[in-house]
Amino acid sequence: MTTVTWTSDEIMTVTAARSLEDGMSCFVGIGLPSTAANVARRTHAPGLWMIYESGTLGTVPHHLPLSIGDGILTDTADTVVSVPEVFNYWLQAGRIDVGFLGAAQLDRYANINTTVIGDYEDPKVRLPGAGGAPEIAASCREVIVIMRHSSRAFVDRVDFVTSVGHGRGKGDRERLGLRGAGPTRVITDLGVLEPDPETSELVLTGVHPGVEVEQVVEATGWDLRIADDLVRTPAPTDGELSVVRSLTGAR
Amino acid sequence: MVLPLDEAVRTLIRDGDTVALEGFTHLIPVAAGHEIIRQGLRDLTLVRMTPDIVYDQLIGAGCARKLVFSWGGNPGVGSLHRFRDAVTHSWPVPLEVEEHSHAGMANRYVAGASGLPFAILRGYSGTDLVGSNPNISTVTCPFTGQEVAAVPAVNPDVTVVHAQRADHDGNVQLWGITGIQKEAALAAERVLVTVEEVVDTLEPVPGQVLLPGRVVDAVSVVPGGAAPSYAHGYYERDNSAYKEWDRIGRDREAFTSWLDELTATPGARPERSGETTPDPAGSTS
């Protein structure tokens, strides 16, 4: 029996951090992605090259910023570029290895909604909107999605496609002219989903320690398939947890 | 050239104008936004990549008819509740939205600054933004046959930015995260800049943007004019104010109290704000 000594945010953060390789360029958003990237940089990936969409390239903040444009990002960056430059010369030109995205809704083909819940013209909930996400999803070599698992968030079809994952299945990205691989991993508080190589449908490939597969299935709004080679996420190490907690201020 | 803020706003901004108050987390022209609220300007089309709390305030005060944007939120905190209320309940007035991605908006400003009718980018393909916004289209490259996204130039009637400093000739210098301010200023018909200070000589700073005085219509000296956002080298971002706005913005009554307090503070010109200061409380159901 596993003794869970971490929070759901911490296992998501550590799992995401492990997905990053040393030397990668990484387009970082605020929240868990920012924590994860900074954990990776302080553990196994000291050469991670972090870009925040405010234009700070190669930034190495010594504490976590609250926003994507905090002064700490500027002070520690290799260079600070304008907004058109970060989107056109860096993202659009295909210079970013991995992008991190969150979502209010995600569907079985990893399409992302951050625009509205309900009908666009008469929404139930108005969300912040697209930001940099559509082009991050299109142009990074790969995308990692981080979000909490619930059947309200993991839906068969999103109410609004803000950013394209795998469209309606295999081959859609190529047809749409999207050059990156799209979402290759979805990391939640329960486990890890990855697109099936044949169909691009998200399947459960990993569960976190202490989580039962049935829990994940129940928290998913479509008939979730389980990978034959399902793995259990290795528990976060004490070292990883202490780095996460030193950044977030948690004990 | 150097004018008090209330006079600059009154001179340069009119009801019905398309106005961009730009700033990407840094150097947000908050004081100028508050002066727009005080003067009771109406029917504005507000443009900004990242409308945050000052746009929530402008929207809640009923200044805007339309919002053109790419991400509307309280950075690091959550949603904008006055914006939500306007979109979902038309409070205090209906708000039309035109939304893009950041890449789309950035290129719209580049086209505007460049005197071009539209911009191209790799973007939007496959998203529902395409069908919901007629200002997103495609164009075929005449050389390669590739299809790329096309968006129209944005040319605000007025762009408002905040900068660290200016000189007496109206040359404006900003540095740190410089965002989209250069493009937004050069795309506009009229430009209002609030600054922390006016100095005799602008010493060069690495990574600076310099807006020559010939493209700046008015400079207003407003120390702290970007707060609660920050001015690199002058003051830090007040993160607690962004968190506190979540509480105020969520509630119409709390917001209305906030608005009453703002419009009652000195700097308002009674002859104008007295007549037209919004009273959203009156339209609360």
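This is a predicted model: local features need pLDDT of at least 70, side-chain atom pairs count only at pLDDT 80 or more; totals for chains, interfaces and linings use all residues.
**Entry 1: chain B overall**

I started with burial: 56% of the 285 residues of chain B count as buried. I then looked up the secondary structure of chain B and got 10 helices and 12 strands.

Next I checked the radius of gyration. A compact globule of 285 residues would come out near 19 Å, and chain B has 19 Å, so the two agree. Along the principal axes, the C-alpha atoms of chain B fill a box of roughly 60 × 55 × 35 Å. I also looked at contact range: among contacts in chain B with a separation of 6 or more, 74% are between residues 24 or more positions apart.

**Entry 2: domains of chain B**

How is chain B divided? I find domain 1 in two pieces, 5–100 + 155–272, and domain 2 as 102–152. Taken over C-alpha atoms, the centres of these two domains of chain B are 26 Å apart. I looked at the contact between them, and each contributes 12 residues: 12 from domain 1 of chain B and 12 from domain 2 of chain B.

On the domain 1 side of that contact, strand S4 (96–99) and helix H7 (181–187) of chain B each supply at least two residues. H7(B) gives the largest share of that side, with four residues. By type, I get six nonpolar, three polar and three charged residues on the domain 1 side.

**Entry 3: chain A against chain B**

I moved on to the contact between the chains, which takes 40 residues from chain A and 47 residues from chain B. Which elements give two or more residues to the chain A side? I noted helix H3 (71–75), helix H4 (83–92), strand S9 (123–126) and helix H5 (133–139) of chain A. The residues on the chain A side split into 19 nonpolar, 17 polar and four charged.

**Entry 4: a sheet in chain A**

I picked out an open sheet of three strands in chain A, ordered S7-S6-S11, with mixed pairing. Its edge strands are S7 (112–113) and S11 (154–155) of chain A, each pairing on one side only. Strand S6 (residues 105–107) of chain A runs parallel to S11(A), and the two pair over two bridges. Looking across to S11(A), I see Leu106(A) opposite Phe154(A).

Two cis peptide bonds went into the notebook for chain B. One joins Trp91(B) and Pro92(B), with omega about 0°. I placed Pro92(B) in the loop between helix H4 (81–89) and S4 of chain B. Another joins Ala227(B) and Pro228(B), with omega about 10°. Pro228(B) sits in the loop between strand S12 (218–221) and helix H8 (239–250) of chain B.

Then I looked at positive phi. Ala110(A) is not a glycine, yet its phi is about 65°.

I counted 30 other C-beta atoms within 10 Å of Leu27(B), so Leu27(B) is buried.

Conventions
Residues are numbered from 1 along each chain as its sequence is written. Chains are lettered from A and ligands numbered from 1 in the order in which they are written. Two strands pair if DSSP finds at least two bridges between them. Domain bounds come from an automatic or database domain assignment. Two residues are in contact if their C-beta atoms, placed from the backbone, lie within 7 Å. Ala, Val, Leu, Ile, Met, Phe, Trp, Tyr, Cys and Pro count as nonpolar, Asp, Glu, Lys and Arg as charged, and the others, Gly among them, as polar. The radius of gyration is taken over C-alpha atoms; the globule rule is 2.2 Å times the number of residues to the power 0.38. A residue is buried if 20 or more other C-beta atoms lie within 10 Å of its own, exposed if 12 or fewer, and partly exposed in between; C-beta atoms are placed from the backbone.
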